[in-house]
Structures are given as structure tokens and as C-alpha cells.
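Please keep the sequence and the structure in view while reading.

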Amino acid sequence: MRRIYPDIQDNPDIVQAYAYPDDRPWLRLNMVASADGAAWLDGRSGGLSSKGDKRIFQTLRGLADVVVAGGATVRKEGYGPVPPRASWAELRRGRPEVPPIAVISRSLALDLDGPLFTDAPSRTIVITCEHAPIDRRRLAAERSDLIVAGDECVDMKLAVAGLHERGLTRVLCEGGPRLNAQLSACDLVDELCLSISPLLVGGDAARIQNGEHATVPLNLSQVLEEEGVLFCTYTRERSDDRADDAV
């Protein structure tokens, strides 16, 4: 792997390249897409991935306090508990050995008897709303750390605040596209890590954001490359940063 922007460097330190800022809570999206913008191939993201993408994926999980995903993504991608990794020992010093998974779901149509809830080293978090089915809410409260955020639907600002209240301020969101769009529409996204696979897919696959409209100015801060796959990091253009530049 090599860095090709903002400088040229062979074998960059991946942990350092994706380190979180120390001075503020941070929410990053991590997604993979084809060259024509498809977020999945044959219904799943794995067909777009590469060895380099998998390495970065694991590094981002090791750095995060919590891994967030929508209920549909958890079902489609077959999410299970995050397994411990020896390589994370230094990354996670002073924190649990693995980050918990936080699942956002209005319907709570989740396998609450599955490994994600019965075998997770760090207790899985479920974020839902008041209008979720009451029997599913009771069961979710037994099997997970339940956060109720919002009335008729999940309020993303309250959801993220609930994670922060638990000390989980380095938030990694793995999608899917509808959740990404909701977070962007609420101005909660600080960073996008996007792996671009050298494939043309076409068809009806969603983009990495789908649903709610959001216009979020981004700055390209880094590009890595391996075997034709680009690993781009974009950070949100903050109004306070522009103010600082004007001083």
C-alpha cells in the first residue's frame, strides 16, 4: 500500500493514517463503492472489497469506541460479535478489548437470540424509538443495552448523544446507505472513509447515501492506493474551521 495524497509514501502507518482527533468527539463513515458509485454487488458489500480494504476495515474497528450499523445492514451482511484481535492490544489500551456493535432499528426486527446478542464480548447496543413494538422493546432491553432515542422514528442526534453519554465518542458507522443519509442530514458526519473498487457494476445498487437529501461540503485529506483500489478520506468542512482561517 502507498499514500499518493497529500504526499507520496510507501507502506504508510495505517493506524496513524486513520487516527481519531484527540480534541473532540468524531463520527466517521466507512464505506466501499464501485467506480460507478454502487454500494454493493449482488446485494452485499463484500463483492466490492479487497485485501487492503479488509485491513483498513479492521484497523478502523480497532480504533473505534463503537461500531454503528442499521438494522437492515446487520441482517443483510450477517453481523456477529466483533472478535478480539491480538493486533488491537495497543490500540485499545484502557478500553474494552473490542468495540461494541450498536444497531439502529425502528422495527427491532433483529435476531435477539443470535450470536450478536448472546456471544458479544462487549454488550451489544440497540438504539430504537418509542414507537417500536413494545414486546420487542422489552426483549431488546433484556438482551442488549437499549437506548430509546426519539418518538415515531429514531432521532439520530439523540442516538449519537446516547453513545456519547456512555463514553463512546469515537463512532464508526458502517452503513447502510439510508443510515448514512440520515446522519448526514442531521449534520453529524465528520469524516468519510471511502474505498473505491475498480469495477463497473450498474444495475439498481444504492449509492453510499440513499434517501434523505443532504449537502455536506467535504475536504479530501488523504488518498491511499493498493492494487488499483483507492482509499479516500474526506473530512467535513466545518464552519468553525473557516472562521479560524479568516482570523
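In this predicted model, Leu110 is in contact with Gly71, Arg75, Val103, Ser105, Phe117, Val126 and Arg136, when its neighbours within four places in sequence are left aside. Leu110 also belongs to the largest nonpolar core, which has 31 residues; Leu110, Tyr18, Ile56, Ile101, Leu116, Leu224 and Phe231 are the members that touch the most others. At least two residues of this core come from each of helix H2 (51-63), strand S4 (66-70), strand S5 (101-104), helix H4 (115-118) and strand S11 (229-236). H2 provides the largest share, namely three residues. Apart from this core lies another one, with 29 residues, including Ala33, Val160, Leu179 and Leu183.

**Helix H7**

Which residues of helix H7 are buried? Within this helix, which covers residues 177-185, the buried residues are Pro177, Leu179, Asn180, Ala181, Leu183 and Ser184. They pack against strand S3 (26-34), S4, S5, helix H6 (156-165) and strand S8 (170-173).

Ser184 counts as buried because its relative accessibility is 8%, and the cut-off for buried is under 20%. Not counting residues up to four places away in sequence, Ser184 touches Val189, Gln209, Ala214 and Val216.

**The annotated span**

An unreviewed UniProt entry lists residues 25-215 as "domain: Bacterial bifunctional deaminase-reductase C-terminal". In the model, this span is 28% helix and 19% strand, and its end C-alpha atoms lie 21 Å apart.

**The surface and the start of the chain**

A nonpolar patch on the surface is formed by Ile4, Tyr5, Ile8, Leu220 and Leu230, which together have about 420 Å² of accessible area. Tyr5 is placed in strand S1 (residues 2-5). Its relative accessible area is 38%, so Tyr5 is partly exposed. Asp13, in the loop between strand S2 (9-10) and helix H1 (14-17), is also partly exposed, at 43% relative accessibility. Although Asp13 and Met1 are twelve residues apart along the chain, their C-alpha atoms are separated by 9.8 Å.

Most residues other than glycine have a negative phi, and most peptide bonds are trans. The following table lists places in this model that depart from these rules.

| Site | Feature | Angle |
|---|---|---|
| Tyr5 to Pro6 | cis peptide bond | omega near 10° |
| Gly175 to Gly176 | cis peptide bond | omega about 10° |
| Leu108 | positive phi | phi near 60° |
| Asp187 | positive phi | phi about 60° |
| Glu227 | positive phi | phi about 50° |

Where do these sites lie? Pro6 is in the loop between S1 and S2, while Gly176 is in the loop between S8 and H7. Leu108 belongs to the loop between S5 and H4, and Glu227 to the loop between strand S10 (218-226) and S11.

Are Leu108 and Glu227 buried or exposed? Leu108 is buried because its relative accessible area is 1%. Glu227, at 64% relative accessibility, counts as exposed, since the cut-off for exposed is over 50%.

Note on methods
Residues numbered from 1 in each chain as written. Predicted model: local features only at pLDDT ≥ 70, side-chain atom pairs only at ≥ 80, totals over all residues. Heavy atoms only, no water. Core = buried A, V, L, I, M, F, W, Y, C linked by side-chain atoms within 4.5 Å. Buried < 20%, exposed > 50% of the residue type's maximum accessible area, 1.4 Å probe, protein only. Helix = DSSP H or I, 4+ residues; strand = E, 2+ residues; numbered from the N terminus. Contact = heavy atoms within 4.5 Å. UniProt positions renumbered as here; feature names shortened; annotations may be inferred. Patch = residues over 30% accessible without salt bridge, like charges linked within 9 Å, V, L, I, M, F, W, Y side chains within 5 Å. Areas by Shrake-Rupley, 256 points an atom, 1.4 Å probe, with all protein chains shown as cover. Salt bridge = Lys/Arg side-chain N within 4 Å of Asp/Glu carboxyl O.
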